Amino acid sequence: MSETAPQISEATQDTLTKAQSPAVAPPKAKGRGLAAVALLIGAAGLAAGGWSSWQLYLQQDQAAQQLARFNESSAAAQQQLQASEQRIAQRLAGLPTAADLGAQRDLLVSLQGDQQRLAQSLSGLLGKSREDWRLAEAEHLLRLAMLRLSALQDVNSATALVQGADSILQAQDDPQAFAARGELIKVLEALNSLPQVDRSGLFLQLAALRGQVDQLQMLAPEYILPSEVPTAASASDSSRWAELWAKLSRYVRLDLQADQDVRPLLAGQSLAQVRLTLALALEQAQWGALNGQPEVYRQALTAAHAVLDNYFDRDNQAVKAMQQRIGELGEQAVVAKLPSLDPALNTLQAYLKLREARELMPEAVDAVETEEGGQ
């Protein structure tokens, strides 16, 4: 850089000396152009300086606005912080002291202990009362089974009730209930060995037979002559003969079945009475089946079979079918020999009394059981 500096200065001096020589002086027009260019450059510089000043002013204004907003936000934040501090101070003032916390802790511990003791005593009492309720329920179920057997002879319902009582005793898991469970199991085995008696089914079957009575045909149908309108000429002479023949036709008939007994014809009113007799016999059989009366049941069916045999056509298919059904129903069992539930009920009641006495006087009951075991 030091070497080139003198060279440049010498070249500059040469050009300056050449420019100062009068031979190469520029014209006046060239000088004016340079002045105009210089003015333009100066104006551009002034414009650039003004624009830079304006931008700087705008930036200062924005910076002032941002500073004002920042100051406002900082003031709001300080106010929120002060409000939060006040709320925290109020909450802290409302909190109990260490001494209060210790007293409350001691009180809570004592309450928890009392609650545990109360829960234990309550669970013991509820456990005993629940067992007593279950045993009372077993006795009630056994009484219901006795009622179902004696009143309705309902073997299925009685079996379910006795099974429920045995399940309750099984859940007790008490050795003293062994005798009561033994009696209940004997009753269950006796009920399971009984034949199935469907009284409601017999009642409905007899009701269906009663509905077929009106469709039965009598022994020999009555022959009814068609009514003829007599003419005016023969009305006077033949009217009496027609009436006489109509009366005689009711008492005289021709029967080509020589192997059967000749029986009198049934008039309309007599046939209705016979059908009513048959329906009443079937209704009586229904009553005997529903109430467990085998003698009444079989006597009514025998009477119904006799009415069918004596007053209706035995060759008729409907009469044959009804006679067959009556014979089949007469062989059905209406009642079964039911076992007695009294021993089971007495044994269960004795167990309940022993349990109650043990709760009231456990030492005396244990002493009595020990003496009985020693004997």
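## An all-helix predicted model

From the N terminus on, the elements of the protein run α-α-α-α-α-α-α-α-α-α-α-α, which amounts to 12 helices and zero strands; here helices (H or I, at least four residues) and strands (E, at least two) are DSSP runs, numbered from the N terminus. The model is a predicted one, in which local features need pLDDT of at least 70 and side-chain atom pairs count only at pLDDT 80 or more, while totals for chains, interfaces and linings use all residues. Residues are numbered from 1 along each chain as its sequence is written, and side-chain values use heavy atoms, with hydrogens and water left out.

### Overall figures

The protein has 375 residues, and buried residues make up 20% of them; buried means under 20% relative accessible area, exposed means over 50%, and partly exposed is in between (1.4 Å probe, protein chains only). The accessible surface comes to about 27,700 Å², with 58% of it belonging to carbon and sulfur atoms; such areas come from the Shrake-Rupley method with a 1.4 Å probe, and for residues only the protein chains shown count as cover. Among the contacts in the protein with a separation of 6 or more, 76% are accounted for by residues 24 or more positions apart, where contact means heavy atoms within 4.5 Å.

### Salt bridges

A salt bridge is taken to be a side-chain nitrogen of Lys or Arg within 4 Å of a carboxyl oxygen of Asp or Glu, and by this rule the count comes to 10.

| Pair | N to O distance |
|---|---|
| Arginine 143 and glutamate 139 | 3.4 Å |
| Aspartate 154 and arginine 148 | 2.7 Å |
| Arginine 325 and glutamate 328 | 2.5 Å |

Arginine 143 and glutamate 139 are four residues apart in helix α3 (residues 98–152), and are therefore separated by about one helical turn; arginine 143 is partly exposed, with a relative accessible area of 42%. A like spacing is found in helix α10 (residues 317–330), where arginine 325 and glutamate 328 are three residues apart and so separated by about one helical turn. Arginine 325 is partly exposed at 31% relative accessible area, and glutamate 328 also counts as partly exposed, at 34% relative accessibility. In the remaining pair of the table, aspartate 154 is partly exposed with a relative accessible area of 22%, and arginine 148 counts as partly exposed at 29%.

Glu131, Asp132, Asp174 and Arg355 are linked in a network of salt bridges. Arginine 355 is found in helix α11 (residues 342–360) and is buried, with a relative accessible area of 15%. Leaving aside its neighbours within four places in sequence, arginine 355 is in contact with Glu131, Asp132, Leu135, Gln172 and Asp174.

### The second largest pocket

A pocket is defined on a 1 Å grid over the protein atoms alone, as an open set of points with protein on both sides within 12 Å along at least five of seven lines; the points are those where a 1.4 Å probe fits, and lining residues have an atom within 4 Å of a point. About 280 Å³ of space lies in the second largest pocket, and of the 15 residues that line this pocket, the closest to its centre are Leu152, Gln153, Asp154, Val197 and Arg199. Volume here is the space filled by probe spheres set on the grid points, which are joined across faces, edges and corners.

Helices α3, α4 (155–172) and α6 (199–211) each supply at least two residues of the lining, and α3 gives the most, with three residues. By class, the lining has six nonpolar, six polar and three charged residues; Ala, Val, Leu, Ile, Met, Phe, Trp, Tyr, Cys and Pro count as nonpolar, Asp, Glu, Lys and Arg as charged, and the others, Gly among them, as polar.

### Individual residues

Leucine 142 lies in helix α3 and is buried, with a relative accessible area of 0%. Leaving aside neighbours within four places in sequence, leucine 142 is in contact with Val162, Leu184, Leu341, Ala344, Leu345 and Leu348. The C-alpha atoms of leucine 142 and aspartate 166, 24 residues apart along the chain, are separated by 9.3 Å.

Leucine 204, in helix α6, counts as exposed at 58% relative accessibility. Its C-alpha atom is separated by 8.3 Å from that of glutamine 286, 82 residues apart along the chain.

Aspartate 173 lies in the loop between α4 and α5 (178–192), and has a positive phi of about 55° although it is not a glycine. At 70% relative accessibility, aspartate 173 counts as exposed.
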